[in-house]
Amino acid sequence: VTPSEGARGGTGRQLEMESVLALRGLVLLRDSVEWEGRSLLKALIKKAALGGEQVHILGCEVSEEEFRAGFDSSVNSRLVYYDLFRDPLNWAQTGEALPGGPLGALQAMCERTDPGPVTVALDSLSWLLLRLPCAALCQALCAMSRRHACRGGSLAAEQLCVLGLLHRELHGPGPMGALSSLAQTEVTLSGTAGQASAHILCRRPRQRPTLETLWFSVLPDLSLDLQGGPPLESQPHPDPHTPQVDPASHLTFNLHLSKREREAKDSLTLPFQFSSEKQQALLRPGPGPATSRIFYEPDTFDDLDPEDPDGDLDV
C-alpha cells in the first residue's frame, strides 16, 4: 500500500519501510534488465549489518572488490565473503577456492552460521540456478533453514534471512515457480520515469498473503529512501484540448441505434413470446386442419437477450 502524498513525514515513511522490509526466511529479489536489483540487495545488507546481524555473502557475478564498493569500513568489517567469482571451479589450484564448487559453498555457509539473527546474501541465485540442478539448489536452501533452526530452537528459523537476487528474464516458469514456492517474500522490481518500485508479496504462516508497493531510491551511501508515490510527471493527465476519438467510427457496421431504430426494436414481438394476439388466436381457432404450436411465457427471473438467445448454453 503506497502512502498518500503528504500523509506522512520522513520519519513516518521510514518507520513504514522498516516494518515492511523486516524480511525473514527466503527473500527473492526479482530484477530485470530495466531495473537492476543489486543496489537494493546491498542496501538491505547494509541495513542488516548496522542492525548487528551476521552477514554472509556468496559472491558469484561480480568481484569482491566491486561488491564491497560503496560500503564504509564499519559495514565491510562485518561481512563474511565467500568468493565464487574469482575461481569457481578451482582451476587455478591456489587453495583459495571453496571446496565442492557452488553446492559446497552453500553447505559451508550452512555450517558456519551461528545462532542468532543471520542474513545470507546470494549474488546471485540466477548464477547458481544456471550451474546447479534446480532440485539440488532448492534442497540446499531448505537445508540452510533447517540447520539454523536446529541450532537455535524453534524461533531461530524466523531469525534467518536469505536474500537471493534473481534475474527473471533468464529462467522459465518451472525454476521460477519452484523458488517462489519456497520463498516467504518476493520482491519484484519495476518502476516508471526513472523511479523504482518494489512490489512485496509476503507469505506468513497462518496468515493471508499480503501485497505492498513501495516507491524507493537507493542513495549513494547505499541507504534506502522511501518515496511517497510515483513521480507526478509519470501520472497521466487528460488534455482538455485533445478531441475524444470514437473507437467505433471506422467500423464497417454500426454499433449505435437511432431513435427510430430503437423504438422499432422495443416494439418488436419475438416469435416465442406469448402476446395478447396469440392468446386471442388460440381462443378462436379458425377453420382448417388442427395444428399445434408452442408459446413461451417468460418468467420474472428470465434473462432474455434477443442478440444472443443461446447465451444460457455457454457455447
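What follows is a walk through the structure above, from the whole chain down to single residues.

A word first on how to read the model. This is a predicted model, so local features are described where pLDDT is at least 70 and side-chain atom pairs where it is 80 or more, while totals for chains, interfaces and linings use all residues. Residues are numbered from 1 along each chain as its sequence is written, and side-chain values use heavy atoms, with hydrogens and water left out.

Let us begin with the whole chain. There are 10 helices and nine strands in it; these are DSSP runs, with helices (H or I) of at least four residues and strands (E) of at least two, numbered from the N terminus. Of the 315 residues, 36% are buried. Here buried means under 20% relative accessible area, exposed means over 50%, and partly exposed is in between, with a 1.4 Å probe and protein chains only. The accessible surface of the chain is about 19,400 Å², and carbon and sulfur atoms account for 55% of that surface. Such areas come from the Shrake-Rupley method with a 1.4 Å probe, and for residues only the protein chains shown count as cover. Contacts tell us about the fold too: of those between residues at least 6 apart in sequence, 63% join residues at least 24 apart. A contact means heavy atoms within 4.5 Å.

Now to the salt bridges, of which the structure holds eight. The term stands for a side-chain nitrogen of Lys or Arg within 4 Å of a carboxyl oxygen of Asp or Glu. One of them pairs Arg38 with Asp123, with 2.9 Å between the closest N and O atoms. This pair links distant parts of the chain, since Arg38 sits in helix H2 (residues 38-50) and Asp123 in strand S4 (residues 118-123), 85 residues apart. Asp123 counts as buried because its relative accessibility is 0%.

Lys46 pairs with Asp221, and here the closest N and O atoms are 4.0 Å apart. Again distant parts of the chain are linked: Lys46 belongs to helix H2, whereas Asp221 lies in the loop between strand S8 (210-218) and S9, 175 residues apart. Lys46 is buried, at 11% relative accessibility, but Asp221 is partly exposed, at 39%. Asp221 is also in contact with Gly70, leaving aside neighbours within four places in sequence. The C-alpha atoms of Asp221 and Ala43 are 8.6 Å apart in space, although the two residues are 178 apart in sequence.

A further bridge joins the side chains of Glu186 and Arg203, at 2.6 Å from N to O. Glu186 is in strand S6 (residues 185-192) and Arg203 in the loop between strand S7 (195-202) and S8, so the pair links distant parts of the chain, 17 residues apart. Glu186 is buried, with 7% relative accessibility, and Arg203 is partly exposed, with 30%. Salt bridges that share partners bring Arg30, Glu186 and Arg203 together in one network.

Next, have a look at helix H8 (residues 173-182). Its buried residues are Met176, Leu179 and Ser180. Viewed down the axis of H8, these residues fall within an arc of 105°, so they line one face of the helix; the arc is that of the directions from the helix axis to the C-beta atoms.

Helix H4 (residues 73-76) includes Asn76. The Asn76 side chain comes to 3.2 Å from the backbone oxygen of Phe71. That is a polar contact: a pair of N or O atoms within 3.5 Å, where within protein one must be able to donate a hydrogen and the other to accept it, and residues adjacent in sequence count only if both atoms are side-chain atoms. Not counting residues up to four places away in sequence, Asn76 touches Arg68 and Phe71.

Gly116, in the loop between helix H5 (101-112) and S4, is buried at 17% relative accessible area. Leu255 lies in the loop between strand S9 (224-227) and helix H9 (259-267) and is exposed, at 55% relative accessible area. With Leu251 and Phe253, Leu255 forms a nonpolar patch on the surface, together about 310 Å² of accessible area. Patches are made of residues with over 30% relative accessible area and no salt bridge, where like charges are joined within 9 Å and nonpolar side chains (Val, Leu, Ile, Met, Phe, Trp, Tyr) within 5 Å.
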